[in-house]
Amino acid sequence: MLSASVPNDTAFHPSTFILLGIPGMQDQHVWIAIPFCSMYVLALVGNGTILYIIMTDRALHEPMYLFLCLLSITDLILCTTTLPKMLTIFWLRSHIISYHGCLTQMFFVHTFFSTESSVLLAMAFDRYVAVCRPLHYTSILNAMVIAKIGLACVVRGLIFVFPFVILIERLPFCGHHIIPHTYCEHMGIAKLACASIKPNTIYGLTVALSVTGMDLVLIAISYGLILQAVLRLPSKDAQFRAFSTCGAHICVILVFYIPAFFSFFVHRFGHQVPPRVHIILANLYLLVPPVLNPLVYGINTKQIRLRIVSFFMRRR
């Protein structure tokens, strides 16, 4: 039994936690790990290729591609924070994680989720300026502005997520130490405490709605203005291409945000949702966007696609 491997630790903080995996599907863990591992490899290859192409080609050192670089770095960190440990749970039955290791994983998951949300907003703003203010594009998004935006994306995540660590540290854990999840995240840990977690719930909801929710609203406004400008284009072919591109971007954005908000709200209100459904969707928003982003934002872009083809042609 998993509980037998956990020390009888009655201290204020336990020395370890146990990550159960996907509740009710432990017998299928070996097979579930195969598509998860495949997606992880695709994310590594796709984002690694995008980074290599952009960093080695000075002609691509433009705002759109620099934001894409930042998105790829964030994607790589986000999926690498969870997938390796998840695969050891599924294939090696290595369920134990140290208390501080769990808090570290929680910190990185939430920080880089917030960072990715900020980067998606920055990319939506970049597209808005390119479409709606083309004559001022280079003056608005110069190198200094891009550097400040990138730094702000990371710093904002750090500022809003660090209180999660403080809120967990103040809690006593005197019951079982089994987390019914594949990775450590804020409310999953907080629910194990034997004290009131109301501050955790309130702060978590505040961050989800006022920070991430606001990002989503601003992204929607940006794409709304872009589509409004596209409708004024005289060429139907240009309108179709713009709608196709924006549609792909919106689909990827929804794949990122919908499972994330579903997971946030299930922890607080969704007591009737089967745990396996919750856990699977909670993994999707950390894994599917890193797989899709290089395809939708990168390879779907003509300049990057041509350079990838040229790169492989030279290797033949």
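In this predicted model, α3 passes α5 in a right-handed crossing (right-handed if the near helix is turned clockwise from the far one by less than a right angle, left-handed if anticlockwise). The axes of α3 and helix α5 (residues 143–169) come within 8 Å and cross at roughly 145°. Axes are lines fitted to C-alpha atoms, for helices over the stretch in contact, with angles from 0 to 180 degrees between N-to-C directions. Helices (H or I, at least four residues) and strands (E, at least two) are DSSP runs, numbered from the N terminus. Among the α3 residues that meet α5 are Tyr99, Phe107 and His110, and those on the α5 side include Cys153, Arg156 and Glu169; contact means heavy atoms within 4.5 Å.

Ala, Val, Leu, Ile, Met, Phe, Trp, Tyr, Cys and Pro count as nonpolar, Asp, Glu, Lys and Arg as charged, and the others, Gly among them, as polar.

| Helix pair | Nonpolar | Polar | Charged |
|---|---|---|---|
| α3 with α5 | 15 residues | seven residues | two residues |
| α7 with α8 | 18 residues | seven residues | two residues |

Helix α1 (residues 29–56) and helix α2 (residues 63–92) have axes that come within 9 Å and cross at roughly 155°. The two are therefore roughly antiparallel to each other, a label for angles over 145 degrees. The crossing of α1 and α2 is left-handed. For helix α7 (residues 198–230) and helix α8 (residues 236–268), the axes come within 11 Å and cross at roughly 170°, which makes α7 roughly antiparallel to α8.

The UniProt annotation "transmembrane region", from an unreviewed entry, covers several spans, including residues 145–168 and 202–230; such annotations may be inferred rather than shown by experiment. Residues 145–168 are 100% helix and 0% strand, with end C-alpha atoms 36 Å apart. Residues 202–230 are likewise 100% helix and 0% strand, and their end C-alpha atoms lie 41 Å apart.

Three strands form an open sheet of mixed pairing in the order β2-β1-β3; two strands pair if DSSP finds at least two bridges between them. β2 (96–98) and β3 (178–179) stand at the edges with a single partner strand each, so one side of each lacks a neighbour in the sheet. Strand β1 (residues 16–19) runs parallel to β3 and is joined to it by two bridges. Leu19 stands opposite Ile179 in β3. Helix α3 (residues 99–132) packs on the sheet, touching β1, β2 and β3, and its direction makes about 85° with that of β2.

Residues are numbered from 1 along each chain as its sequence is written, and side-chain values use heavy atoms, without hydrogens and water. Local features need pLDDT of at least 70 and side-chain atom pairs count only at pLDDT 80 or more, whereas totals for chains, interfaces and linings use all residues.

Key
Angles under 35 degrees count as roughly parallel, over 145 as roughly antiparallel, 65 to 115 as roughly perpendicular and the rest as oblique.
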